[in-house]
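Hi,

Here is the model I promised to pass on.

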Amino acid sequence: GVSGVAPRVQTQAIVSSATKSESVMLIGVDPALESGVTFIDRTVRQGTALGAGRDREAVIGRKLAEKLDVRLGEKIVVMAQAADGELGTAAYRVAGIFATESSSFDGSIVYVTLPAAQRLLALGDGVSTVNLRLTDRSRIDDAVAPLRAALSGDGYSVVPWQGLIPSVEEMVRVSRAIRSVVMAIVLAVVAMAIMNTIFMAVAERRRELGVLLALGTRPVAVVRMVLYETAATMALAAVVGYGSGVLLVTYLGRAGLDLSAFFSDYDAIPGLTGIIYPRLVWASILVPGVILVVGSLLASLYPAAQAARLDPVKALRAA
């Protein structure tokens, strides 16, 4: 269930320009592997992202570039405590400037290549973390348990993302609860609207229904006819509605949906970008669809029963 793995080196460091110094988090990444785990390479707004072999280059956040007053092509000096107790120092050229919706993230992160960070910190081939991305994030417990069992006693710590940013987990839980309540309200409103539509259809066709009953049509056949019409209406609505929704999500999944205006300076989720790329989740499509169809048929039972109980004589006179 693992779709990507990326080793990292990360440490607190001091980065300096010709005019100013700032405390930052220095992160050494393997550019080819990191793109399979995170999307930081897609947030570069100026210059280029890190590449293999470019060990003298760094990518910094836009806010940090403003603090240090540096531009593309200029040099910064990074100092950090190395593993051997010495002070590691290295100069890097600013090759790219990234920007997310989190000003604190953009003002405190410096990316260099993994070999560059390992040399700076005298780590040899050592790394700080190995980051995993799953194909299905809902199965995170299934991935964590065997990893913990395999790495127990080796000095490793296996931590799911909920343990790293618990505030985001709470936000996800609240969001799911709100979504469930809103979905229940929407389904109830739709069911009532369908019931009202069927009532109107029955009222407008009282004469036809009266003729059918007068000719000997059984009431159960009238109920069945109304239910069939409801099912046909729902099938047509599903084709149009779901078809439009799938096309829209597919397009936005490629082009992206810009929500920057709503997430400016949003620091709760580090590295959050204002552009989201929705994707189709069939469980979120099929389950509400089945509930809606079943609920609509149940909602149409009452007007169908009313139609079956019509008095043929009164129905013909009223028409």
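This is a predicted model: local features need pLDDT of at least 70, side-chain atom pairs count only at pLDDT 80 or more; totals for chains, interfaces and linings use all residues.

Residues are numbered from 1 along each chain as its sequence is written, and side-chain values use heavy atoms, with hydrogens and water left out.

Back to Gln10, which sits in strand β1 (residues 2-16). Helices (H or I, at least four residues) and strands (E, at least two) are DSSP runs, numbered from the N terminus. Leaving aside residues up to four places away in sequence, Gln10 touches Met25, Leu26, Ile27, Ser128 and Thr129, where contact means heavy atoms within 4.5 Å. From C-alpha to C-alpha, Gln10 and Ala117 are 8.0 Å apart in space, although 107 residues separate them in sequence.

Now the helix packing. Helix α9 (residues 219-255) and helix α10 (residues 282-308) have axes that come within 9 Å and cross at roughly 150 degrees. Axes here are lines fitted to C-alpha atoms, for helices over the stretch in contact, and angles run from 0 to 180 degrees between N-to-C directions. α9 and α10 are therefore roughly antiparallel to each other (under 35 degrees counts as roughly parallel, over 145 as roughly antiparallel, 65 to 115 as roughly perpendicular and the rest as oblique). The residues of their contact divide into 18 nonpolar, 4 polar and no charged. For those classes, Ala, Val, Leu, Ile, Met, Phe, Trp, Tyr, Cys and Pro count as nonpolar, Asp, Glu, Lys and Arg as charged, and the others, Gly among them, as polar.

α10 also packs against α7, at an angle of about 35 degrees and with the axes 8 Å apart. On the α7 side, the residues that meet α10 include Met183, Leu187, Ile194 and Phe199; on the α10 side, Pro288, Leu292 and Tyr302 are among them. By class, the contact of α7 with α10 has 16 nonpolar, 3 polar and no charged residues.

With α8, things look like this: the axes of helix α7 (residues 166-204) and α8 come within 5 Å and cross at roughly 70 degrees, so the two are roughly perpendicular to each other. Val202, Ala203 and Glu204 of α7 make this contact with Arg206, Glu208 and Leu209 of α8. These divide into 3 nonpolar, no polar and 3 charged residues.

Within helix α8 (residues 206-214), the buried residues are Leu209, Gly210 and Leu213. They cover an arc of only 105 degrees around the axis, which puts them on the same side of α8; the arc is that of the directions from the helix axis to the C-beta atoms. Just after α8, Gly216 takes a positive phi of about 105 degrees.

Two residues other than glycine have a positive phi as well. Asp69, with phi near 60 degrees, is in the loop between α2 (62-68) and β5 (75-81), and its 46% relative accessibility makes it partly exposed. Ala122, with phi of about 55 degrees, lies in the loop between α4 (114-120) and β8 (129-134) and is partly exposed at 39%.

Cheers

Definitions and conventions:
Buried means under 20% relative accessible area, exposed over 50%, partly exposed in between (1.4 Å probe, protein chains only).
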